[in-house]
Amino acid sequence: MADERQFSATQAPGCEDDRTGTSVETLRRAILDHLYYLQGKVPTLATHNDWYMALAYVVRDRIMGRWIKAVETLEKKETRMVGYLSAEYLPGPHLLNGILNLGICDQVRQAVKKLGLDLETLVEQEEEPGLGNGGLGRLAACYVDSLATLRIPAVAYGIRYEYGIFQQKIKDGRQVEVTDKWLRWGNPWEIEQAEIIFDVGFGGRIESYHDSQGQYQVRWIPDRVVKGVAYDTPIPGYRSDSVSLLRLWKAEAVESFDFQAFNVGDYYGAVQEKISSETISKVLYPNDEPAAGKQLRLAQQYFFVSCSLQDMIRIHLLSGHPLDSFHEWFAIQLNDTHPSIAVAELMRLLVDEYLMGWEEAWEITRRTFSYTNHTLLPEALEKWPLPLFRQLLPRHLEIIFEINRRFLDTIRAAFPGDDGKLAHLSLIDERDDKYVRMAHLACVGSHAINGVAGIHTELLKKTVLRDFYELTPEKFLNVTNGVTPRRWLALSNPDLGRLITSRIGDRWISHLEDLRELENHVDDPDFVRQWRQVKRRNKQNLAAVLRERTKIIVDPDSLFDIQVKRIHEYKRQHLNVLHMLTLYLRLKKDPKMAVTPRTFIFGGKAAPGYLMAKLIIRLIHGVAAVVNNDADVAGRLKVVFFPNFNVKNGQRVYPAADLSEQISMAGKEASGTGNMKFSMNGALTIGTLDGANVEILEEVGRENFFLFGLTVDEVYDLKFRGYHPRHFYNSNSELREVIDLLASGHFSNGDRNLFQPLIHSLLGHDEYLLLADYASYLEAQGQVDLVYRDQEQWTRMSILNVARIGRFSSDRSIGEYCKRIWKVEPGERRR
């Protein structure tokens, strides 16, 4: 094989172009070419990472061909463009996704094999881009994929974080945060656009003057300026000639080296500006508890928003359109409150830099932006202290004050004497030290406001954004989230994808609604048998990974009961633990009790400063240490925590799940997307009527969903009447026994104090009503146990979950944004 690898990479006459060709021989030759000329390696000395990089450049070449064609097409016709502003993106590894969307899976595999290599080994070399934290970033990445697949001209803007949020290690049952150096080996997918650079100011002072026409104008003179440099990653659509652009901004110093400081011996001072400027794009989500962390986070948000808006104005003017038509050619989506400073920044650019009148600028701004809200938690609606805002963005605070003044004047006219309404709607929270309410700014400055699940949107109207809904109900609408079936089924679960394609063809990959045709095969014994075989292979694969990562051996024939998501009290991982402990105690009392063998699998990161979430991780490991070593429950209960859950690991987890835990308290989860990924891969859901669970249940059928728990109305009623968690503790003997065992130190090596904060929280106030939902949850879990014993019924329910999940494609979501909000026409998709 070594000799084969060293065949000449020279292109023979009549061969395909090495940059665009897709035959096996052309791909093989191109890989060698990139290995030689970009990696500077000969095959005999090349590492697996060298080969991965060479292959990645080969795939990127073929994507770039489509990107150039897409740009040329856009130049020839006039069409509205989408600008997507998000502080997070979690695209996951690019290599396999690019190969799949280009339609060259078989050719690449054969080309790599001819070089004596294994494609899976090369795929494992890819570092996952550390550009996001959880569901918000993953959703944004799904939407970028769908924008390309639907052939919608779009640029997704964000920050090129040098370090991701953190790599999660587990030491003695505790989460340890390790720096995520995702760029350490380079990133073959990005292209630095060294000439696309914008200055971004901070601090300073404001001067007023009159221009040559005698008009009053304002000039902002920042005391610090950094420059944003564009880094582009092309995202290909599925078998489409369209490519979306992920444009990320890196912060750099305007002057990176001070020779005067260096010459007088101040060596640190010579590079101080470089260090200070680059800090802005250094790390995703700095700890914002200290004042410096808050300032950096606000600086990050303004930095990427300013660069992005300046870039869109540049593109607009280059196209020959006048600036007063900006809103006709750009639709800008604010993905949650993080980029909402864009409202004030666009006003500043139009009024201060381009000398546009206030009323005209405000009309353009309002018609350009739309706002997606992703939370019902009031504390998650960002607010910035006025002193911090004034120090960092003095001109923007002036603009926000003026927006607020004009806005409140309209409220006073409509609701004379209603000071309460003024206080609720104001962009400034006048209480305590005073704050700028960023969600309010987004609501006032946008022409559309959407929630991300039906129940979420209705709750927005009734709770955190009620006053805005009552004022402008026509702005509000729902667009339920979706996930891309390319990554989350075709790529993550190739065996299931092939089985589905063997029955209904492969059109489902870009038209997920076609999965309905699987209902015609639900009674086909051969199809059912193959379906079950695919699931078992996926479970075997996950079991092997768990053994490698955690040293815990699990049984693929047990029920894989999985909860993977960000660790948070409202997501109620500890309710899952209470069920585990109940089963454990039942088996301890009656070792001969009939029970379906279960493997409980958890995964997810806790925010570094969120002590209760980190204690839940410690609890899971404490329970695992006891349960996994107790002979009385051996072979029937096993507990595993899968560390460092991310997109790459998710691609292993979702296909292997039997049961999907979606158990947040009703009214807290905006939508969720993990619930969709699990169902798309044939897992059955146990869940509350929260977020998108409601719509998943409606689609798959109540009989194919394990429902439990209080409804939103029942939650509000219980809290209104006065919730007393100790009542449930005292009246339910099993619950009391579980909590008492937890308090005894049985799962903490005799330390009675370790889990006391958690127990005190549950018995004291139990904000997320675990004890109230405990009995209902156990009853639903009992149904899970019974149904799983009947594998024919379970498999039928699994098939129907996949067959009826088509509505939750991100293609459908983006189609709705296009039609109802952006007013953009999607292109023709591959049929």
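**Sheet, cores and one alanine**

Trainee: Over how many bridges do strand 17 and strand 18 pair, and in what sense?

Mentor: Strand 17 (residues 559-564) pairs with strand 18 (residues 598-603) in the parallel sense, over six bridges. Strands here are DSSP E runs of at least two residues and helices are H or I runs of at least four, numbered from the N terminus. Two strands pair if DSSP finds at least two bridges between them.

Trainee: What am I looking at, and how is it numbered?

Mentor: It is a predicted model, where local features need pLDDT of at least 70 and side-chain atom pairs count only at pLDDT 80 or more, while totals for chains, interfaces and linings use all residues. Residues are numbered from 1 along each chain as its sequence is written, and side-chain values use heavy atoms, leaving out hydrogens and water.

Trainee: Back to strand 18. Which residue there is the bridge partner of glutamine 563?

Mentor: Phenylalanine 602.

Trainee: And what order do the strands of the open sheet come in?

Mentor: There are six, ordered 19-18-17-20-21-22, with parallel pairing. Strand 19 (637-642) and strand 22 (706-707) are the edges, each pairing on one side only.

Trainee: Which strands does helix 23 touch?

Mentor: Helix 23 (residues 573-589) packs on the sheet and touches strands 17, 18, 19 and 20 (659-662). Its direction makes about 155 degrees with that of strand 18. Angles run from 0 to 180 degrees between N-to-C directions, with axes fitted to C-alpha atoms, for helices over the stretch in contact (heavy atoms within 4.5 Å).

Trainee: What about helix 33, which strands does it lie across?

Mentor: Helix 33 (residues 791-803) lies across strands 17, 20, 21 (684-687) and 22, at about 85 degrees to strand 21.

Trainee: Different topic. How many residues are in the largest nonpolar core?

Mentor: It has 222, and Phe202, Phe303, Phe389 and Trp822 have the most contacts inside it. Such a core is a set of buried Ala, Val, Leu, Ile, Met, Phe, Trp, Tyr and Cys residues joined through side-chain atoms within 4.5 Å. Helix 3 (residues 48-76) gives the most to this core, twelve residues. A second, separate core has 55 residues, among them Val554 and Ile601.

Trainee: What is phenylalanine 303 in contact with?

Mentor: Beyond its neighbours within four places in sequence, its contacts include Val200, Phe202, Trp249 and Ile280.

Trainee: Last one. Is alanine 624 buried or exposed?

Mentor: Alanine 624, in helix 24 (residues 611-627), counts as buried because its relative accessibility is 10%. Buried means under 20% relative accessible area, exposed over 50%, partly exposed in between (1.4 Å probe, protein chains only).
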